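Q: Please show me the structure, and let us then read it together.

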Amino acid sequence: MRIILVLLFGFTLTGCGLLLPEFANSGSLEDSELAGILFINEISAENPDTADWIELYNSGSGTINLSGFYLSDTPSDLIKWEIPENTFLTGGGFLVITFNDASGTLNADFGLSPGPGNDGIYLSAPRDAFIIDSLAEIPETGSGSSGRSTDGAADWIYFITPTKGASNQ
Ligand SMILES: [Ca+2]
Ligand SMILES: [Ca+2]
């Protein structure tokens with residue numbers, strides 16, 4: 001009887017292990033896989049109308065747990081600001097992070113300087129600070145924004161009207 005219970009217990013644990021991917025988040029994806037799914041999708045810095053902000057986009061179907069990820073404006077210090085606990089990005093969803101904006105709900109405590117030779121923007125994973133997505137230079141956009149031509153696309157274009165927290169168009 002004891003052997004059967006042990007066997008059953010072992011089977012149950014195995015079952016749980018198999019079930020875990022059903023509740024997938026970043027913990028079950030390799031950083032390199034996340035790099036093709038999670039994007040810096042749009043950015044606006046030194047915008048006269050609003051605080052600096054970036055928009056993240058999850059092109060996958062599962063929710064990504066962003067807690068413990070990092071944002072920085074320089075590759076020499078990738079862990080400048082840690083994304084707080086309980087920050088989730090649903091599949092197909094967008095998340096806006098502001099900079100130096102005390103009223104922002106999700107706000108990084110450093111500023112972004114656009115233009116050649118100034119800041120970049122770097123999104124890194126927890127554990128090994130693997131760079132998930134980055135821009136070496138932040139475009140000067142005034143009251144517009146710079147973003148991927150369509151959500152997650154490789155090419156970046158200028159938008160006269162930003163789509164902060166919504167699909168790029
Ligand atoms: Ca800066
Ligand atoms: Ca957008």
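Q: In what order do the four strands of the open sheet lie, and is the pairing parallel or antiparallel?

A: Strands of a sheet pair through backbone hydrogen bonds, either parallel or antiparallel. Strands (E, at least two residues) and helices (H or I, at least four) are DSSP runs, numbered from the N terminus, and two strands pair if DSSP finds at least two bridges between them. Here the four strands follow the order β5-β4-β9-β10, with antiparallel pairing. β5 (81-82) and β10 are the edge strands, each pairing on one side only.

The model is a predicted one: local features need pLDDT of at least 70, side-chain atom pairs count only at pLDDT 80 or more, and totals for chains, interfaces and linings use all residues. Residues are numbered from 1 along each chain as its sequence is written, while chains are lettered from A and ligands numbered from 1 in the order in which they are written.

Q: How many bridges join β4 and β9, and which residue stands opposite Tyr-122?

A: Strand β4 (residues 70-72) pairs with β9 over three bridges, in the antiparallel sense. Ser-72 stands opposite Tyr-122, and Tyr-70 stands opposite Ser-124.

Q: Which way do the residues of β9 point, and are they buried or exposed?

A: A residue is buried if 20 or more other C-beta atoms lie within 10 Å of its own, exposed if 12 or fewer, and partly exposed in between, with C-beta atoms placed from the backbone. In β9 (residues 121-124), Ile-121 and Leu-123 point one way, Tyr-122 and Ser-124 point the other way, and all are buried.

Q: What joins β9 to β10?

A: The two strands run antiparallel and are joined by four bridges, β10 spanning residues 131-135. Ile-131 in β10 is the bridge partner of Ser-124. Their hairpin has six residues between the strands, and Arg-127 takes a positive phi near 70° in this hairpin.

Q: What is the order of the open sheet of six strands?

A: The order is β8-β7-β2-β1-β11-β12, and the pairing is mixed. β8 (107-108) and β12 (156-159) each have a single partner strand, so one side of each is left without a neighbour in the sheet. β11 (residues 145-148) pairs with β12 in the antiparallel sense over four bridges, with Ser-145 opposite Phe-159.

Q: What is the mean pLDDT of the protein?

A: The predictor's confidence in each residue is its pLDDT, from 0 to 100. The mean is 87, and 83% of the residues reach 70 or more.
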